[in-house]
Amino acid sequence: MNFKKMPALSDRLKYIRQACNLSQAELAEKAGTTQQAIQQAEKGKARQPRYLHRLAQQLDIPTDWLVFGDSIEEQSIHGSNVKGLEEKPTDVLDKFFSMPEKDQKLIYELMKARKDKE
């Protein structure tokens, strides 16, 4: 599956749900949330739900793509070896997702800049 750049979280959630052939309720169960929460996110009413990292882990998809919409070309939906946020402990991700969106973006940009220096 090609994880193309999608700026809207709602589009990414719909895309991955349809690609995995899941209902909203099935996706919610994997994410540890409710069907209503998935429905709201797919309508664009939820900007940064805290369950995204759990969902990415459950579906074995790149967390970076699901959370930020970055393009990751030619990655398989199963067995992805993309390095990044999915390697961090869950408690770190919980703290990250509890931050305001502007702080998340700042931290993410810092992480990308540090990686580019290597």
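Visitor: What volume does the second largest pocket have?

Guide: Rolling a probe the size of a water molecule over the atoms shows where empty space is left. In this predicted model, local features need pLDDT of at least 70, side-chain atom pairs count only at pLDDT 80 or more, and totals for chains, interfaces and linings use all residues. Residues are numbered from 1 along each chain as its sequence is written, and side-chain values use heavy atoms, without hydrogens and water. The second largest pocket has a volume of about 220 Å³ (the space filled by probe spheres set on grid points joined across faces, edges and corners). A pocket is an open set of points on a 1 Å grid over the protein atoms alone where a 1.4 Å probe fits, with protein on both sides within 12 Å along at least five of seven lines; lining residues have an atom within 4 Å of a point.

Visitor: Which residues lie nearest its centre?

Guide: Of the 14 lining residues, Pro 7, Val 67, Phe 68, Glu 101 and Lys 105 lie nearest the centre. The elements giving two or more residues to this lining are α1, α5 and α7 (101-117), and α7 supplies the largest share, six residues. Helices are DSSP runs (H or I, at least four residues), numbered from the N terminus.

Visitor: Which residues of helix α1 are buried?

Guide: An α-helix has 3.6 residues a turn, so residues three or four places apart point the same way. In α1 (residues 9-19), Leu 9, Ser 10, Arg 12, Leu 13, Ile 16 and Arg 17 are buried (under 20% relative accessible area, 1.4 Å probe, protein chains only). These residues line one face of α1, because they fall within an arc of 165 degrees seen down its axis (directions from the axis to the C-beta atoms). After α1 comes Asn 21, with a positive phi near 55 degrees.

Terms used:
Buried < 20%, exposed > 50% of the residue type's maximum accessible area, 1.4 Å probe, protein only.
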